[in-house]
Amino acid sequence: MVIPWVGIPLKDVINTFQPTSQAKYVEFVTALNPAQMPAQTGRSLPWPYVEGLRMDEAMNPLSILAVGLYEETLPNQDGAPIRLVVPWKYGFKGIKSIVKIRFVDYQTKNTWQVMQPSEYGFFANVNPAVSHPRWSQASERRIGEFFKRKTLPFNGYADQVASMYGGMDLKKNY
Amino acid sequence: MKAIVLLKRVIFVAALIPAAMLIVGAFRGTLTANPIDYITDRTGDWAFRFLMITLCVTPIRRITGWNPIIQLRRMLGLFSFFYATLHFLTWSVLDWFFDFRSMADDIVMRPFITLGMATFLMLLALAVTSTTASMRRLGRKWTQLHRLIYLAAITALTHFWMVGKVLVTEVTYWAVALTALLGFRVWWVLRTRVHVRPAPADFDGKKSFP
């Protein structure tokens, strides 16, 4: 099945703060609390985890700040109390336990883009045509299904979001 | 009963525990939210661990001088092959369900899978020639062929290392262990070469001086 996330449209939250035209990108930062999240004491990643969206992506009605799933309150391990869900970037950009949202005028660097730039770019749209040395995006297995299915461009939301990337080479801007 | 026979039986049963735990876990539904990934990781872990344990046999024999331990080597190597086979089957059946085209793409396009496949084929060659009859038939060639385990251990470790997107500490420890195990063999060869060098003719005690 496709996970039924419960959340608030991100654009409603953004509109509350009335960003100016200087706000080109939105940056998100995860809670840094090694006492509660022991893996943050390790050096696997430069904590805290950081993600970013372009303003038009953040304002798209599909982008949500999730507070639950399966009609339940978001469990800790899934990123309580608030996590980002961007359906056409599914598997990417799902930053958990957000404690800070900033409007900035530069393209932010997300954590995986810093750690592994050959595999993770800024945009991270689901794109079956983009294959990486370690993994393919051509197929997927839905939770609860045994057989894989072909992955669709923009995870099946091309009609709603493809227009934001007109003229961009999405193989380069992966 | 001889100690080695008892030890062999104990190890045989113990070596099946990881496989048994996967079966129990499958029935109890405790193989995490992503069972295929979990089974892939565990079978891969044990294939690699048994490969490393197999490589420990000779150094232990040399250091302790306890020769019967060599009788464990084939069984340990075959357990590595056993878990490698489960690892391969998890990938080809559970993950891809015989989608040969996608599997071929994976082997060609993903270096870590290329290395995994190469490792599996090497272990397959070693497993099919592991019988006593093969040892007799191949003679010296058998020893040469079975040195492939050194290469298989290196490709297996590289495969393990390349799977992760960041370097995992565990892989570093295994790299140190493998360096020690292979280093021991190099050191042993150099050491024995020095020792068996024939004494110079002048000192053979038979030459008479005028």
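The crossing of helix 4 of chain B with helix 6 of chain B is left-handed, meaning that the near helix is turned anticlockwise from the far one by less than a right angle. The model is predicted, so local features need pLDDT of at least 70 and side-chain atom pairs count only at pLDDT 80 or more, while totals for chains, interfaces and linings use all residues. Residues are numbered from 1 along each chain as its sequence is written, and chains are lettered from A and ligands numbered from 1 in the order in which they are written.

Helix 4 (residues 73-95) and helix 6 (residues 111-128) of chain B pack at about 135°, their axes 10 Å apart. Helices here are DSSP runs of H or I with at least four residues, strands are runs of E with at least two, and both are numbered from the N terminus. Axes are lines fitted to C-alpha atoms, for helices over the stretch in contact, and angles between N-to-C directions run from 0 to 180 degrees. Helix 4 of chain B is therefore oblique to helix 6 of chain B; angles under 35 degrees count as roughly parallel, over 145 as roughly antiparallel, 65 to 115 as roughly perpendicular and the rest as oblique. Helix 4 of chain B contributes G77(B), L78(B), S80(B), F81(B), A84(B) and F88(B) to the contact, and helix 6 of chain B contributes F120(B), L123(B), L126(B) and A127(B), contact being C-beta atoms, placed from the backbone, within 7 Å.

Between the chains, the contact draws eight residues from chain B and nine residues from chain A. On the side of chain B, helix 5 (100-109) and helix 6 are the elements that give two or more residues.

Strand 2 (residues 25-30) of chain A is joined to strand 3 of chain A by five bridges, and Y25(A) has R54(A) as its bridge partner in strand 3.

The peptide bonds from W47(A) to P48(A) and from A80(A) to P81(A) are cis, with omega near 0°. N155(A), not a glycine, has a positive phi of about 55° and is buried, with 22 other C-beta atoms within 10 Å. T32(B) likewise has a positive phi, near 65°, but counts as exposed, with 12 C-beta neighbours inside 10 Å. Buried residues have 20 or more such neighbours, exposed ones 12 or fewer, and partly exposed ones lie in between.

Technical notes
Two residues are in contact if their C-beta atoms, placed from the backbone, lie within 7 Å. Two strands pair if DSSP finds at least two bridges between them.
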